[in-house]
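Here is a short report on a few sites in one model. Please look at the structure before reading on.

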Amino acid sequence: MISRFIEQVFEKVKSHSKYVLNGVELLNELLNALKENDMENAETSFNELLLVEKQADTVKREIIKELHSSFLHPDDREDILRLTIELDKVVGFAKSAAKRLIIIHHVGVRIPDYYYQVIEEIMNNTVEACNFVVNMVENIIKDPSKALEYSNMIEKREEEVDELRFKFLEKLSKDCSETVTPICLFLPGIIDDIEEITDRAEDVGDIYKLFIIGK
């Protein structure tokens, strides 16, 4: 039986997850703008992402404050806290990737089309994974079995991103072994930040599985 207080907390978690998804979508918009060399829209997306990250952080602090003042079972409190923190890391890594992308364009480094194509494929899976996180959170109270399905879908997207990242780094390593360019310095950090988004999304799904097993 899930208490009324937990239901109220998960309403805030739901709000938090939507901010997180918005942040990842803005990273995707920024990436698309940069591919078209549209710095104005890229900067707009970046500034909006910074705002969304702050909004997500505000909701995170509200959740933590409510958990701190509650009489929840310690295991429930810990699970919800861990889920919230991992969710917040998602938008944090989105901001980090966005910063790196903006920096390389400010210094005049152009990402080759091949790498853009793979990053776009990775981002498509990443946005889907974060959509599944929102759907999972929305169903935690009303349909736990449906939420579990979404957690499994998150895991599949994370596995797909892992495969694409390996493909990306294999190509990058080959290119950089032949000719060292600024791309060799910048791209690994960007791709690792983006991969961390789905890693943290998967962690959110795993934490939910632990939470529901204890109910």
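Is Thr126 buried or exposed? The model is predicted, and the reply below rests on computed accessible area.

## Thr126 in helix 4

Thr126 sits in helix 4. Its relative accessible area is 0%. The cut-off for buried is under 20%, so Thr126 counts as buried.

Setting aside neighbours within four places in sequence, Thr126 is in contact with Val24, Val161, Ile194, Ile197 and Thr198.

Helix 4 covers residues 113–142, and Glu121 belongs to it. Glu121 has a relative accessible area of 36%. That value falls between the limits of 20% and 50%, so Glu121 is partly exposed.

Which helix gives the largest share of the patch? Helix 5, residues 144–178, does, with three residues.

Glu7 is part of helix 1, which spans residues 4–35.

How far apart are Glu7 and Lys142 in sequence and in space? In sequence, 135 residues separate Glu7 from Lys142. In space, their C-alpha atoms are 9.6 Å apart.

Note on methods: Residues numbered from 1 in each chain as written. Predicted model: local features only at pLDDT ≥ 70, side-chain atom pairs only at ≥ 80, totals over all residues. Heavy atoms only, no water. Helix = DSSP H or I, 4+ residues; strand = E, 2+ residues; numbered from the N terminus. Buried < 20%, exposed > 50% of the residue type's maximum accessible area, 1.4 Å probe, protein only. Contact = heavy atoms within 4.5 Å.
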